[in-house]
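Let us walk through this structure together, one region at a time. Keep the sequence and the 3D view open as you read.

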Amino acid sequence: GNGGCANCHRVAGKGGFLGPDLTNIGRTSTLPKLKASILTPDEVRTPGYGFVTITMRDGTKLEGIEKDRTNYNI
């Protein structure tokens, strides 16, 4: 059955954009790495796809996907 992967990941041009494109994942990863990224996704993150929570000075919290992390962007 569908585990909901396509909500965030694309395969062959179909699916979401929040997670990395998985079209060629079999060519670029190993079975142990794939298993680890599915079972413990917070431990094996693709750069630019981590979840972040930002607390503003007024206490407002913003949540989103990290696309860049510099002194000026997140």
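The side chain of Arg 10 has a polar atom 2.5 Å from the backbone oxygen of Gly 15; a polar contact is a pair of N or O atoms within 3.5 Å, where, within protein, one must be able to donate a hydrogen and the other to accept it, and residues adjacent in sequence count only if both atoms are side-chain atoms. What you are looking at is a predicted model, in which local features need pLDDT of at least 70 and side-chain atom pairs count only at pLDDT 80 or more, while totals for chains, interfaces and linings use all residues. Residues are numbered from 1 along each chain as its sequence is written, and side-chain values use heavy atoms, leaving out hydrogens and water.

Stay with Arg 10 for a moment. It belongs to strand β1; helices (H or I, at least four residues) and strands (E, at least two) are DSSP runs, numbered from the N terminus. Is Arg 10 buried or exposed? Arg 10 is buried, a word that means under 20% relative accessible area, with exposed meaning over 50% and partly exposed lying in between (1.4 Å probe, protein chains only). Even so, Arg 10 has no salt bridge, and the nearest side chain of opposite charge, Asp 21, is 5.0 Å away. Here Lys and Arg count as positive and Asp and Glu as negative, while His and the chain ends are not counted; a salt bridge needs a side-chain nitrogen of Lys or Arg within 4 Å of a carboxyl oxygen of Asp or Glu. Beyond its neighbours within four places in sequence, Arg 10 is in contact with several residues, including Phe 17, Pro 20 and Leu 22, where contact means heavy atoms within 4.5 Å.

Next comes the loop between β1 (10-11) and β2 (14-15), where you will find Ala 12. Ala 12 is exposed, with a relative accessible area of 61%. Its phi is near 55°, a positive value in a residue other than glycine. Most residues other than glycine have a negative phi.

Helix α1 covers residues 25-28 and holds Arg 27, which is exposed at a relative accessible area of 71%. The C-alpha atoms of Arg 27 and Lys 14 are separated by 19 Å. Gly 26 also lies in helix α1, and its relative accessible area of 61% makes Gly 26 exposed. From Gly 26 to Ile 54, the C-alpha atoms are separated by 34 Å.

Now turn to the hairpin of β3 and β4, which has five residues between the strands; in the turn, Gly 59 has a positive phi of about 95°. Strand β3 (residues 50-55) pairs with β4 in the antiparallel sense over six bridges, and two strands count as paired if DSSP finds at least two bridges between them. Which residue in β4 is the bridge partner of Gly 50? That partner is Glu 66, while Thr 53 stands opposite Glu 63. Glu 66 counts as buried, because its relative accessibility is 16%. Leaving aside neighbours within four places in sequence, Glu 66 is in contact with Gly 48, Tyr 49, Gly 50 and Val 52.

Finally, consider the confidence. The protein chain averages a pLDDT of 84, and 97% of the residues score at least 70; pLDDT is the predictor's confidence in each residue, from 0 to 100. Among the elements of the protein chain, β2 has the highest mean pLDDT (91) and β3 the lowest (85).
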